[in-house]
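Have a look at it first, then read on.

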Amino acid sequence: MLSFKQPNHFQSLMVLQWPLSFLILFLSAPSSVWIFPPLSIYLLFTSWWPLSALYFAWFFLDWKTPDQGGRRSAWVRNWCAWTHMRDYFPISILKTKDLSPEHNYLMGVHPHGIMTFGGVCNFCTEATGFSKIFPGITSYLATLSWFFKVPFLRDYLMAKGLCSVSRSAIDYLLSHGTGNLVGIVVGGVGEALLSMPNTTTLILRKHKGFVRTALQHGYVSLQHRAHLVPTFTFGETEVYDQVLYHKDSCMYKFQRHFRQIFGFYFCVFYGRGFRQGSTGLLPYSLPIVTVVGEPLPLPKIEKPSQEVVDKYHALYMDALHKLFDQHKTQYGCSETQKLLFL
């Protein structure tokens, strides 16, 4: 029986706002293309209509910003709320190699987990001191493109340093300036369904688009290159239990249909409640550690062949496997625990 530390209520509230923000996304999303929260529409028919009209005018003028580097806010990234979220688990980041600000980086974030707490806290806030650990590096975390079609929430996500996972958004960040680190949760939403305690299974073998993109932004000169950076977050899959359904069940078919509509799976998960021993939406308060591996320099190939992509994809998987094996016993895995690629 695992023993969980009991966080204070304020820490719990700060953690709960992250899954609740996704609940708001769901409730305010009648489609995956045009998304208008009911409150904003309602305001158009009240005395507050000028504010709502001005925002929607700005919303359309600002439409392409998520694909052009976003709009980060150092103030939002330094909110004290994130330090409380960090301390709830706690969450930390481990650097194994320096990242030069003269290069750009495409980082694989593994595993997805249910809520990607490690990736969000480490790369979308300053709670764990990212800018001090990696000076000169600007971190971004890519997420589903349609999230940025939700008024107000898009601004919140961009302020934290999240960007669209679209090809145009990633190309922009890797081709404008240096010192940009773009994180992609390579396993995607499908990996969320594999998130269970004591599991280290990644969806990676057939996901090669990120390698192709990195190659297209590879070697430019002796000083400027794009690198692939493997990372693994230990503890990410430990903080929630999940109800898994057989592939022939009606619930599994519903989950697949839900993904086709909204872009992500309807996962049935649970953790702890506010009272000790109770069940709820709060994650278990277990340590989460993101280990950032050694960057892999790549040549620049505008139209890489499938053989070249396969070669560097294999090198990336080997590097990720090595990173996992080197640190697994230090962060809660047994010596016999294997990292599996699907």
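A definition to start with: rings of Phe, Tyr and Trp (for Trp, the six-membered ring) count as a pair if their centres lie within 6.5 Å, and the pair is stacked with planes under 30 degrees apart, edge-to-face with planes over 60 degrees apart, and tilted for the rest. This is a predicted model, and by that rule the structure holds 22 aromatic pairs. Take Tyr-55 and Phe-56: their planes sit at 70 degrees, so this pair is edge-to-face, with 6.1 Å between the ring centres. Phe-56 also pairs with Phe-59, again edge-to-face. Here are the two pairs with their values:

| Ring pair | Centre to centre | Angle between planes |
|---|---|---|
| Tyr-55 and Phe-56 | 6.1 Å | 70 degrees |
| Phe-56 and Phe-59 | 6.3 Å | 85 degrees |

Phe-56 and Phe-59 are both in helix H3 (residues 49-61), three residues apart, or about one turn of the helix. Zoom out a bit and ring pairs tie Tyr-55, Phe-56, Phe-59, Phe-60 and Trp-63 into a cluster.

The charged end of Arg-72 sits over the ring of Tyr-140, 4.9 Å from its centre. Likewise, Lys-160 has its charged end over the ring of Trp-82, at 4.0 Å from the centre.

Now for the enclosed elements. Why is helix H10 (residues 209-216) called largely enclosed? Because six of its eight residues are buried, namely Phe-210, Val-211, Thr-213, Ala-214, Leu-215 and Gln-216. The cover over those buried residues includes helices H9 (167-175) and H12 (306-327), along with strands E2 (104-108), E5 (180-184) and E7 (226-234).

Nine of its nine residues are buried, so the rest of the structure largely encloses E7. Both faces are covered: one side has Ala-226, Leu-228, Pro-230, Phe-232 and Phe-234, while the other has His-227, Val-229, Thr-231 and Thr-233, all buried.

Conventions:
Residues are numbered from 1 along each chain as its sequence is written. This is a predicted model: local features need pLDDT of at least 70, side-chain atom pairs count only at pLDDT 80 or more; totals for chains, interfaces and linings use all residues. Side-chain values use heavy atoms; hydrogens and water are left out. Helices (H or I, at least four residues) and strands (E, at least two) are DSSP runs, numbered from the N terminus. A charge sits over a ring if NZ of Lys or CZ of Arg is within 6 Å of the ring centre and within 35 degrees of the ring normal. Buried means under 20% relative accessible area, exposed over 50%, partly exposed in between (1.4 Å probe, protein chains only). Contact means heavy atoms within 4.5 Å.
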